[in-house]
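Colleague: I am new to this structure and would like to learn how to read it. Could you walk me through it, one feature at a time?

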Amino acid sequence: MASASDIGVSAAINVLTAIAFLLAFAFLRLQPINDRVYFPKWYLRGMRDSPISSGAAVQKFVNLDVRSYFKFLNWMPAALKMPQDELINHAGLDSVVYLRIYLTGLKIFVPITILAFAVLVPVNWTNDTLESMKVVFTPIDKLSISNIPNGSKRFIAHLAMAYFITFWTCYVLMREYEIVTKMRLRFLAAEKRRPDQFTVLVRNIPPDPDESISELVEHFFLVNHPDHYLRHQVVYNANKLADLVEKKKKMRNWLDYYQLKYERNPSERPTTKTGFLGCFGSKVDAIDYYKSEIEKIGKEEAEERKKVMKDPKSVVPAAFVSFRSRWGAAVCAQTQQTSNPTIWLTEWAPEPRDVYWNNLSIPFVSLTIRRLIIAVAFFFLNFFYFIPIGMVQSLANIEGIEKALPFLKPLIEVRSIKSFIQGFLPGIALKIFLILLPTILMFMSKFEGLISQSSLERRSASKYYIFLFFSVFLGSIITGSALEQLKTFLHQSANDIPRIIGVSIPMKATFFITYVMVDGWTGIAGEILRLKPLIFFHLKNSFLVKTEKDREEAMDPGSICFDSTEPRIQLYFLLGLVYAAVTPFLLPFILVFFGFAYVVYRHQIINVYNQRYESGAQFWPSVHGRILIALTVSQLTLLGLLSTKDLEEAVPALLVLPVLTFWFYKYCKHRYEPAFVRNPLQEAMRKDTLERAREPNFDLKAYLANSYLHPVFKGDDEDDKYSLVDDDGWMGEEVIVPTKRHSRRTTPAQSKQEGSDTLSVPETVHER
């Protein structure tokens, strides 16, 4: 268990490391050679010129302006200067609402921290309960609820604090939900024309023996949406073709590398090995080898492309259907298409940049089985991760280390080493164990079959949060408390064990303090330093970059990793809310994280991250719900603690809070969440009317032509080169829908007999 001095050592290490990272960033970002690493967003938008292209030779690489080094902290006020509306135009609504998560944390925890230190800290400190209980504790634990004797009237302060935390958190969340909802609606109303506003994804299209998928889709929507259907794009299983295209691209990169190497040293032809990673196999001429490989892959690609275009089995029973208006798309996306709710399933299409094409080829009927497999796998992943969590907790227990490795006892007992082990090592060890987890969870989400990058990130974030809650939060508390109080457990009766656990849970605050400093302080400082992208950019720039397009790809920073960063923020909400009334000493560390992270990520969003898609802040309901889960857990935790303190009369008073929190969740869900799920028909009609008035001759069909064509069929200059659907426009008032169908069982049309309740197919049928 970390003592006050151990926490001090950890704080010193993390603060010095964070300052070193910030100073390194302040120096590196001023160097012209690193300009594309720290300001890539402006380059990708064509709004910044490279300082390397002009000036003296030395000035192209090193900043010789001494005065600029005295302003090394000017990035902080610059990051806060951009107004919100300008930031939305610059970075998108998703990025701005992501920043509001940090602001929400500050709004919730600043008043709670002030009140907790003004009321609870004096109430907790002025007791000597822990000294009389013969349990392992530190001076920090005397600031917790564990230091108050059983049955004391001082628990009224904690009860009142729980009510304040609940009502204040709910008030802030309701205000933020209202603000974000208004921002979303205003953003959607002001948003420029986009293909996804007119397009619906249709899945689980039933097979028909007489018509192809394309013909079936056209027929269905001409009959059922005759006034609004415009065109469609069937979905092709082009995953193998996409793999070949990507493989050829990698081969071209290697060919470019070796050609550049040969140009620099013409006296020696570069060589490579044909085996694994170029390290095994026979040695061959690298340039000739990669040229032959590219030629071979090119032939395979041409054959696969021809197969996809001509083989009916390559067509997936799904299609992107576009409409003449947003209103028509909204009606289709938000209604049931047939009496059978399992076929012709419609949903809003993701924007083209957001589509995850690999999963569109997965049969719809297999999705349920895939999700069941992942649910089982995720359960076992959580279960087996308790092993490394237990190892991390053992690092925080000096006695356990000395018992397992007795030969290290003289070294461990050295004061500075002991403080390092207990105050710093557990936090950094836990962070190391979690490094690969987001990648594993993203793979699991992709296996489930989600069809957009945004939904993949939201699903991965949900899994990551569940993992952090059970394996990190509960796992650390259970394993850590058991290890620290093992001797006490063994010498107490079974009836006293719940009481000992109740006392031990608040004491794990010291472990979480070390983790917050490692991940929330040093980790955020490492985020702005961007050491890994810095190294990778210069390596690519030296060996692979030949054209300006290559340089853009080398410096492309990607978007914010929402699937890993948002759950980490939620862990801080959980820790802050749980320990606010239990061990308030944790709260200042949480506040530093929220404030520091807000400034850093605002800078990164302005200058670095280039969001790959725009969902209109669809993730906010999940953020809101997870904070309320943390609030409920804090209420139940305090309820459990007080029940071990011979204060049963407080239980009914605390039971009211989870009920109120659940009612608040349901209220917000019904009041605000529909704006994030459905598009109002009134707004759709308003935008359609305005656009028709402003641009009466706009060719919407040409605009949507290849928006949802698989990227492997799009040429660089000829977007229509591989257009696979011939959907000549239907412009007349009367439409005869041709069909090859010989049955009246599907897609009926209303009888022309006035007042008739029977259904019939159109009278005029032409065979194609």
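Modeller: Among contacts (heavy atoms within 4.5 Å) in the chain between residues at least 6 apart in sequence, 81% join residues at least 24 apart. Please keep in mind that this is a predicted model: local features need pLDDT of at least 70, side-chain atom pairs count only at pLDDT 80 or more, and totals for chains, interfaces and linings use all residues. Residues are numbered from 1 along each chain as its sequence is written, and side-chain values use heavy atoms, leaving out hydrogens and water.

Colleague: How many helices and strands are in the chain?

Modeller: Both are DSSP runs numbered from the N terminus: helices are H or I with at least four residues, strands E with at least two. Here the chain has 33 helices and eight strands.

Colleague: What order do the strands of the open sheet have?

Modeller: In general, strands of a sheet pair through backbone hydrogen bonds, either parallel or antiparallel. Two strands count as paired if DSSP finds at least two bridges between them. In this model, four strands form an open sheet in the order 2-5-1-6, with antiparallel pairing. Strand 2 (229–236) and strand 6 (345–348) are the edge strands, each pairing on one side only.

Colleague: How many bridges join strand 2 to strand 5?

Modeller: Seven, and the two strands run antiparallel, with strand 5 covering residues 315–323. For example, V235 has V316 in strand 5 as its bridge partner.

Colleague: And which helix packs on the sheet?

Modeller: Helix 10 (residues 213–224), which touches strand 1 (199–203), strand 2 and strand 5.

Conventions: Axes fitted to C-alpha atoms, helices over the stretch in contact; angles between N-to-C directions.
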